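Here are some notes for a colleague who is opening this structure for the first time. Please read them with the model in view.

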Amino acid sequence: MITWLIALPVIVVVCLVTRLLLRRSGRAALRLVIAADALLFVGAFALLAVALGSGDAQAAATATEVAQDSGSGSAALIGAAISVAGASIGASIAVAYTGAAAIAALSERPELFGRAMVIVGLAEGIAIYGLVVAIILIGRA
């Protein structure tokens, strides 16, 4: 966390300097912008290396113990998150199309309200299926 607190102001300063350099004209400004981008890339790579590097030995040992204890549990949680996210995205797409079609049908024939809401409700059921799968996966973790 402290790495990000140190690196964030550096990134902001590099972005501001790049913006100021873009206001200049000519090939020199282009070279300076490319140099600033290269510097930002090297800094981001260094930040990644520090963040993923070996930190405190005690924290690494604790992380190893936690990973050994909850290896299948974390996989189940990731699977649950993927199932909820995928089902929610699918349901939102389905509701968008069926809702638009239902509104179009209701504008011509208002007596179709019940049928249109059933179709939209079926589309929302997709999200519930993803939630059920997530609950089953979390229950096995």
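1. A pocket, in these notes, is an open set of grid points with protein on both sides within 12 Å along at least five of seven lines, and its lining residues are those with an atom within 4 Å of a point. Please keep in mind throughout that this is a predicted model.

2. The largest pocket has a volume of about 160 Å³, and its lining is made up of Ala7, Val10, Ile11, Val14, Leu39, Leu40, Gly43, Ala44, Ala46 and Leu47.

3. On the surface, Leu8, Val12 and Leu16 form a nonpolar patch, and together they have about 280 Å² of accessible area. Leu8 lies in helix H1, and this residue counts as exposed because its relative accessible area is 53%, where exposed means over 50%.

4. A search of the whole structure finds one salt bridge, which Arg109 forms with Glu111, the closest N and O atoms being 3.0 Å apart. As background, side chains of opposite charge can pair when their charged atoms come close.

Key:
Residues are numbered from 1 along each chain as its sequence is written. This is a predicted model: local features need pLDDT of at least 70, side-chain atom pairs count only at pLDDT 80 or more; totals for chains, interfaces and linings use all residues. Side-chain values use heavy atoms; hydrogens and water are left out. On a 1 Å grid over the protein atoms alone, a cavity is a set of points where a 1.4 Å probe fits but cannot get out, and a pocket is an open set with protein on both sides within 12 Å along at least five of seven lines; lining residues have an atom within 4 Å of a point. Grid points are joined across faces, edges and corners, and a volume is the space filled by probe spheres set on the points. Patches are made of residues with over 30% relative accessible area and no salt bridge: like charges are joined within 9 Å, nonpolar side chains (Val, Leu, Ile, Met, Phe, Trp, Tyr) within 5 Å. Accessible areas come from the Shrake-Rupley method with a 1.4 Å probe; for residues, only the protein chains shown count as cover. A salt bridge is a side-chain nitrogen of Lys or Arg within 4 Å of a carboxyl oxygen of Asp or Glu. Helices (H or I, at least four residues) and strands (E, at least two) are DSSP runs, numbered from the N terminus. Buried means under 20% relative accessible area, exposed over 50%, partly exposed in between (1.4 Å probe, protein chains only).
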